Amino acid sequence: MDLDAVTKHSALHAKPNGLILQYGTAGFRMKAEHLDHVMFRMGLLAVLRSKHTKSTIGVMVTASHNPEEDNGVKLVDPLGEMLAPSWEEHATCLANAEEEDMQSVLMDISEKAVVDLQQDAFVVIGRDTRPSSQKLSQSVIDGVTVLGGQFHDYGLLTTPQLHYMVYCRNTNGQYGKATIEGYYQKLSKAFVELTKQAFCSGDEYRSLKVDCANGIGALKLREMEHYFSQELSVQLYNDGTTGKLNHLCGADFVKSHQKPPQGMEMKSNERCCSFDGDADRIVYYYHDADGHFHLIDGDKIATLISSFLKELLLEIGESLNIGVVQTAYANGSSTRYLKEVMKVPVYCTKTGVKHLHHKAQEFDIGVYFEANGHGTVLFSKAAEMKIRELAKELEDKKRKAAKMLENVIDLFNQAAGDAISDMLVIEAILALKGLTVQQWDALYTDLPNRQLKVKVADRQLISTTDAERQAVTPPGLQEAINDLVKKYELSRAFVRPSGTEDIVRVYAEADSQESADSLAYEVSVAVF
Ligand code: NG1
Ligand code: ZN
């Protein structure tokens, strides 16, 4: 490790005085102008992580659904997963190190994490469409090369595409080819195979309006659409040609405001969906004949997918276990429907996909979605092998179901939640089951709910337990929430400090919108 070179280059990416950051739920995220040093340092860290794991590591430059002025960075681990928690601490230490301490902090991490400095390192880099992203990804590259790491810069990619590339590269191409064409070919082949069996191929299933949040999703969907245009035609809105990234559009806007994005032309009962700024989240929605807006969020996506998978499993007659993983933000109606009607086991984890992903790995088939539309389905290696065997062997009806499952495995991004991949799965299921968007929506009725943000002096004073559903500190807060909840019917409420913004989030649901609103308000007063 040429530490003098590190010092020299680090001075070119100087840390603003007094800036202290933490590697949170989504890596580092803040105003782009303060991030240059973080990018350089994450380039350094990616090299150490690559040496330690003897694998390719990914670095993604994006701030997802945040405003265009923000940016961020996250590291992707060898199997396409989020960075291991112990290394999040190293990331925080390195990002906050003073210039004169850079050498000692790097040595310290190398020792603590047992990094073989002689080992080769390889890092792949992707970025979103923010104006600041190109320059910031150059700073990552500077960090990688100064420590002697090799790299490949994929340039513009969706976040899940970068996760896919990392996964492919570390599994000798078994998962797929680590190129953008490899990604398009793998997904579209599975989608085309799957929809071949749809007997309802009327026009109503064949077209979909997609709000791309003025982000990277538009570029990538444009590149990909001709691979599946026979089966599905997509009309892109907010494609970045005129509007601003995430401004009044995108999955986060639609979910949190419960209204359509600007610029979308919605006719009644037409199926529409929104991606977020880096295309790892998706939500669906439509206007009914009376002009009412209906949101179909991650919970309903998880329900549609798990009911489809359960039916296929029944047909092949194998006792593969299936589990659904949610967070405290999942609508109470969805949890009840999954448990009581569909009879699938449901688990709740802390917010943040790394927690859901981890839990989902415990099942043969683990379905995980955050209510905001971030999620995917994981198949264990054993389940995948079994399904692929059955697809070759069984008699007709069973083989057909096993083949469908095989295509579903290939269509889901096994490394991370992926708006494009999820969209194709959903479109295939709707076509195969002959379901309209209204019929899908009617599976259950969401309980009215409200989310609020509360600005407090120090959000870390609030700590939680029970997958964030109970507040432990400050003393008395949980008791106050319990008393408020008792005043309403079918009610539930919780508070937790956000991992991505300097705020406390309040969530409440109840039997009516008025009750949910007023419960959320009362809880936020108790927090303040
Ligand atoms: P925080 O800010 O920790 O609530 C938000 C989302 C998460 C996750 C992360 C990362 C909600 C309530 N929270 O986290 O689900 O997606 O951003 O993007 O939607
Ligand atoms: Zn995102």
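**Domain arrangement, buried elements and local backbone features**

In the predicted model, the C-alpha centres of domain 3 and domain 4 lie 30 Å apart. The contact between these two domains draws nine residues from domain 3 and 10 residues from domain 4, and the side of domain 3 that touches domain 4 comprises three nonpolar, five polar and one charged residues. According to the domain assignment, the chain is divided into domain 1 (3–156), domain 2 (182–295), domain 3 (298–441) and domain 4 (449–527). Confidence was reported both for the chain and for the complex: the chain averages a pLDDT of 95, with 98% of the residues scoring at least 70, while the predictor assigns the complex an ipTM of 0.98 and a pTM of 0.96.

Helix 12 (residues 353–360) is largely enclosed by the rest of the structure, because six of its eight residues are buried. The buried positions are Val353, His355, Leu356, His357, Lys359 and Ala360, and they pack against four strands, namely strand 11 (322–327), strand 12 (346–349), strand 13 (365–369) and strand 14 (375–379).

Strand 19 (residues 504–509) is likewise mostly covered, six of its six residues being buried. Val504, Val506 and Ala508 point one way from the strand, whereas Arg505, Tyr507 and Glu509 point the other way, so that burial extends to both sets of side chains, given that a residue counts as buried when 20 or more other C-beta atoms lie within 10 Å of its own. Strand 19 pairs with strand 15 (residues 449–454) in the antiparallel sense through six bridges, and in this pairing arginine 450 stands opposite alanine 508. Strand 18 (residues 492–497) is also antiparallel to strand 19, again over six bridges, with arginine 492 opposite glutamate 509; a hairpin of six residues joins strand 18 to strand 19.

Several loop positions were examined individually. Alanine 63, in the loop between strand 2 (56–61) and strand 3 (70–76), counts as buried because 30 C-beta neighbours fall inside 10 Å. When residues up to four places away in sequence are not counted, alanine 63 touches Arg29, Asp70, Asn71 and Gly72. Its C-alpha atom lies 20 Å from that of valine 123, a residue 60 positions apart from alanine 63 in sequence.

Most residues other than glycine have a negative phi, and most peptide bonds are trans. Against this background, asparagine 214 has a positive phi near 55°, as does aspartate 466, with a phi of about 55°. Asparagine 214 lies in the loop between strand 6 (207–211) and helix 8 (216–224) and is buried, because 26 other C-beta atoms lie within 10 Å. Aspartate 466, by contrast, is located in the loop between strand 16 (463–465) and strand 17 and counts as exposed, because it has 12 C-beta neighbours inside 10 Å. A cis peptide bond was found from threonine 473 to proline 474, with omega near -5°; proline 474 belongs to the loop between strand 17 (470–473) and helix 17 (477–486).

Conventions: Residues are numbered from 1 along each chain as its sequence is written. Chains are lettered from A and ligands numbered from 1 in the order in which they are written. This is a predicted model: local features need pLDDT of at least 70, side-chain atom pairs count only at pLDDT 80 or more; totals for chains, interfaces and linings use all residues. Domain bounds come from an automatic or database domain assignment. Two residues are in contact if their C-beta atoms, placed from the backbone, lie within 7 Å. Ala, Val, Leu, Ile, Met, Phe, Trp, Tyr, Cys and Pro count as nonpolar, Asp, Glu, Lys and Arg as charged, and the others, Gly among them, as polar. pLDDT is the predictor's confidence in each residue, from 0 to 100. Helices (H or I, at least four residues) and strands (E, at least two) are DSSP runs, numbered from the N terminus. Two strands pair if DSSP finds at least two bridges between them.
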